[in-house]
Amino acid sequence: MSNWTPTRYKTTNWSSYNSALKRRGSLTIWFDPSMIWSPPPSGKRGRQQAYSDAAIQACLTLKVQFGMPLRQVTGFVESLLGLAGLDWAVPDYSTLCRRQKTLTVDIPYRGGHGPLHLLIDSTGIKAEGEGEWNARKHGGTKRRIWRKVHIAVDEETLEVRAVEATGSDIGDAPMLPELLSQIPPDEDIGSVTGDGAFDTRKCHDAIADRGAEAIIPPRKNAQPWKPTTAGACARNEILRAVKYLGPAIWRRWSGYHRRSRIEAKMHCVKRLGQSLMARDFDRQVAEIQIRCAVMNRYTALGTPTTMAAG
C-alpha cells in the first residue's frame with residue numbers, strides 16, 4: 001500500500017503570530033505594585049517569612065529565563081526594582097536557594113473550550129556530569145545523572161497542564177496516573193494520547209476512570225486482555241481496530257498524529273537549557289516547574305493557526 005501524499009499547511013494568522021514572536025523577546029518587565037511581595041503574618045510561632053511565594057517564583061523565573069546564578073539574580077532584581085521605582089527588599093541568594101526547595105510553583109494556564117484533550121510524553125534533562133563534547137573527547141566520568149520530565153499538554157492551547165520530574169530509572173507508564181491526578185476532578189477530559197509505552201493496564205484504567213478516550217497504539221504482538229475493567233475493554237477495542245484497519249490507517253483515523261505537538265513542546269523545554277542548574281532533587285523539581293510556567297507565558301502570547309493547503 002502506498003503512503004499518502006504529505007499534507008501541506010499554511011499559517012493563516014501570520015501577522016499576529018509574528019507580533020507574538022517579537023513580544024517573546026521583549027525586555028519590558030512589569031512589577032505589579034499590588035503584588036503581595038511581603039506576606040502578612042501567618043499567626044504561627046517562629047520567624048515569619050519575609051517574602052511571599054510569588055516573590056520567590058518571580059526571582060527564580062528570571063533565573064531560569066536568563067540562565068543566571070542566584071547571586072546575579074539578586075543583583076538583577078535589585079536593578080529592576082530600582083528602575084520601577086519600588087522600594088521592595090530583595091531576597092538574597094541563600095533565601096532563594098532555601099525557599100526553592102519547598103516552593104509551590106504556580107503554573108498559569110488559560111484553558112480551552114470543551115473537553116480537555118491531553119498529549120503525554122517524557123524527555124530527559126542532564127542534571128550532573130560533563131557536557132557532550134567533553135564526554136566525547138575525553139570519555140567523561142561515570143557520574144552523569146539525568147532527570148526525566150513527564151508532561152501533559154493541552155492539545156488546543158498547547159499549554160502544560162501537568163508535570164512530574166523523576167529519576168532516569170522511572171518509566172513513562174507509572175507516571176500517567178500521577179499526571180491525570182493533577183487535573184481537577186471536575187474538569188472533563190475528552191482523550192489522552194500517548195505512545196506505545198503507555199499500553200498498560202494501569203494507564204488504561206486510569207484513563208477510563210476519568211471517562212476519557214485512550215489513543216494509545218498497542219504494543220507489538222499485543223494480545224487481548226480479560227475484559228474485567230472498563231480500561232481493558234477500551235484497550236481491546238483499540239486492538240481490534242488496529243488489526244482491522246492496519247496501524248497506518250488507525251493512526252490517521254484516530255488522530256494519533258496529533259502527538260507530534262508534544263514533541264515540539266519537549267524541544268521548547270530543552271531550549272531553556274540542556275541541563276539543570278540546581279543540584280538538589282527538590283530544587284530541580286521546582287526549576288522544571290518554573291520552566292513550564294515560562295513556556296505557558298510564551299504560549300499565551302500567541303500561537304500559529306494553520307490550515308491544510310492541499
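By class, the lining of the second largest pocket has eleven nonpolar, eight polar and six charged residues. Here Ala, Val, Leu, Ile, Met, Phe, Trp, Tyr, Cys and Pro count as nonpolar, Asp, Glu, Lys and Arg as charged, and the others, Gly among them, as polar. The model is predicted: local features need pLDDT of at least 70, side-chain atom pairs count only at pLDDT 80 or more, and totals for chains, interfaces and linings use all residues. Residues are numbered from 1 along each chain as its sequence is written, and side-chain values use heavy atoms, with hydrogens and water left out.

The second largest pocket holds about 850 Å³ of space. Its lining counts 25 residues, and Leu-158, Ala-264, Lys-265, Cys-268 and Pro-304 are the closest to its centre. Two or more lining residues come from each of α1, α2, α10 (260–271) and α11. The most come from α10, which gives seven. A pocket is an open set of points on a 1 Å grid over the protein atoms alone, where a 1.4 Å probe fits, with protein on both sides within 12 Å along at least five of seven lines; lining residues have an atom within 4 Å of a point. Points are joined across faces, edges and corners, and the volume is the space filled by probe spheres set on them. Helices (H or I, at least four residues) and strands (E, at least two) are DSSP runs, numbered from the N terminus.

Now the largest pocket. It contains about 1,100 Å³ of space. Of its 26 lining residues, Ile-29, Trp-30, Thr-61, Leu-62 and Arg-297 lie nearest its centre. α1 (14–24), α2 (53–66) and α11 (281–301) each supply at least two residues of this lining. α2 gives the most, with eight. The lining has 15 nonpolar, six polar and five charged residues.

Next, the sheet. Five strands form an open sheet with mixed pairing, in the order β4-β3-β2-β5-β6. β4 (160–167) and β6 (213–215) are at the edges with a single partner strand each, so one side of each has no neighbour in the sheet. Neighbouring strands are turned by 25 degrees against each other on average, direction ignored. Strands pair if DSSP finds at least two bridges between them. β2 (residues 116–128) and β3 (residues 145–154) run antiparallel and are joined by ten bridges. Glu-128 has Ile-145 in β3 as its bridge partner.

α11 lies across β2, β3 and β4, running at about 155 degrees to β4. Contact means heavy atoms within 4.5 Å. Axes are lines fitted to C-alpha atoms, for helices over the stretch in contact, and angles run from 0 to 180 degrees between N-to-C directions.
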